[in-house]
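Reader: I am new to protein structures and would like to work through one with you. Could we take it step by step?

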Amino acid sequence: MSLFEHHEFDQHKEVVFCNDEKSGLKAIIAVHNTNLGPSLGGCRMFPYASSEEALTDVLRLSKGMTYKAAMANLKQGGGKAVIIGDPRSDKSKEMFEVLGEFVQKLGGDYITAEDSGISVSDLQITAQKTEYVSGIKAKFTYDGSPADGNPAPGTAYGVFVGLKASVQYGLNRDLQGVKVAIQGLGHVGYRLARHLHEAGAELFVTDIYPEQLEKAQQEFGATIVEPQDIFGLDVDVFAPCALGAIINATTLPQIKAKVIAGAANNQLANESFGQALRKQGILYAPDYVINAGGIIDIYHQTQDGTPAELKAHLDAIGDTLVEVYRRADEADEATNIIANTIAEERFGK
Ligand code: NAD
């Protein structure tokens, strides 16, 4: 297994292989870049088929965090940790203690947080061994509602702000009467639906489970559609809030919306779909720019900020997107490519 020659290696600053036979911990921590500040990124636990697969994931995800932090105007870099194992059966208290010792040895270059397979209670154990843990002690929220550490409200508000700015830029109108198709009414999608309803949008929603759909129908007057029908609706905005790779060769020809703005990670099946969207006259809000509300929230919790500062920072997601759109138009380039360029300018690649 090569590292410096690895196809996902991109001048990562540090890659640490963590092995502890006694606790069974097998993890990799990757610090991609710390030019703007200490690297921040969640710790993921997954039953990777091989250490090669885990390395690929951690190299790719840590790099993504550098770009996300830069576009979110955070004084932070990108990092990530992956634990090789099944989160349902392989966890132990000792494992998370040892992880904390490894994180501590990095001296603050990497700050860990929650990601898939890892819970707040796991990280509370890790935090007994290192001060470099975030997202476990939420003190406030952007809107004054009780803080429970869930990043979804911040993410949903950020997506709402970004969607509003995208509609203003692309369609030159506010949200009153705008038709929005939301794919996935989970933690983020449902909250986004509420914001949009309050702003006067008309909602079309889908999910693979009926409960939230029926709730959205009652609460927001949303129209329920089948999962396979969400792409081809005659709407203004498509908001993917479920799965990755949702803009692909099958879905693209169906899409009638002129704006795509949603929370899902890795929406484009590959980067070339950004240009394809542009050719089709669709304004695409780069996913990692519009869905940065969660990481912005976590950042403010660690900075002893205030709810007003947090809200202002979330509101700035709209300004960042407008900067991306303007430059994309000037350069006649895809918005995802321009977002990467701006991020690189900011972190000094
Ligand atoms: P979630 O699991 O709570 O919600 C996802 C919803 O999508 C679920 O209700 C699920 O039933 C539905 N779904 C799954 N497959 C579907 C399909 N084929 N068609 C329609 N609906 C389907 O997740 P979430 O926390 O709301 O996150 C949504 C997306 O946003 C994910 O891609 C996530 O990675 C991304 N994201 C979330 C956050 C956050 O703060 N939670 C932050 C950044 C990015």
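Reader: How many salt bridges are there between domain 1 and domain 2?

Author: Good place to start, and keep in mind that this is a predicted model. The chain is divided into domain 1, residues 14–65 + 77–126, and domain 2, residues 152–347. A salt bridge needs a side-chain nitrogen of Lys or Arg within 4 Å of a carboxyl oxygen of Asp or Glu. Between domain 1 and domain 2, the count of such pairs is 0.

Reader: What area is buried between domain 1 and domain 2?

Author: The C-alpha centres of the two domains lie 28 Å apart. The contact takes 7 residues from domain 1 and 4 residues from domain 2. Carbon and sulfur atoms give 71% of the buried area, which is about 490 Å².

Reader: Which elements each supply at least two residues of the side of domain 1 that touches domain 2?

Author: Across this interface, 1 residue pair is found in polar contact. By class, the side of domain 1 that touches domain 2 has 3 nonpolar, 3 polar and 1 charged residues. The elements that each supply at least two residues of that side are β2 (25–33) and α1 (51–71).

Reader: Which residue has a polar side-chain atom 2.6 Å from an oxygen atom of the ligand?

Author: Let us look around the ligand, which 19 residues surround, with T155, H187, V188, D207 and N265 the closest. V188 has a backbone N or O atom 2.8 Å from a ligand oxygen, and for A263 a backbone N or O atom lies 3.2 Å from a ligand oxygen. Those two use backbone atoms, whereas the residue with a polar side-chain atom at 2.6 Å is D207.

Reader: How many residues apart in sequence are the parts that D115 and K80 tie together?

Author: Nice one to finish on: the count for the model comes to 16 salt bridges. In one of them, the side chains of D115 and K80 meet at 2.8 Å, N to O. D115 lies in the loop between β5 (110–114) and α3 (120–126) and K80 in strand β4 (residues 77–84), so the parts this pair ties together are apart in sequence by 35 residues.

Notes:
Residues numbered from 1 in each chain as written. Predicted model: local features only at pLDDT ≥ 70, side-chain atom pairs only at ≥ 80, totals over all residues. Heavy atoms only, no water. Domains from an automatic or database assignment. Contact = heavy atoms within 4.5 Å. Buried area = accessible area lost by both parts, 1.4 Å probe. Polar contact = N/O pair within 3.5 Å; in protein donor to acceptor, adjacent residues only side chain to side chain. Helix = DSSP H or I, 4+ residues; strand = E, 2+ residues; numbered from the N terminus. Nonpolar A, V, L, I, M, F, W, Y, C, P; charged D, E, K, R; others polar. Near = heavy atom within 4 Å.
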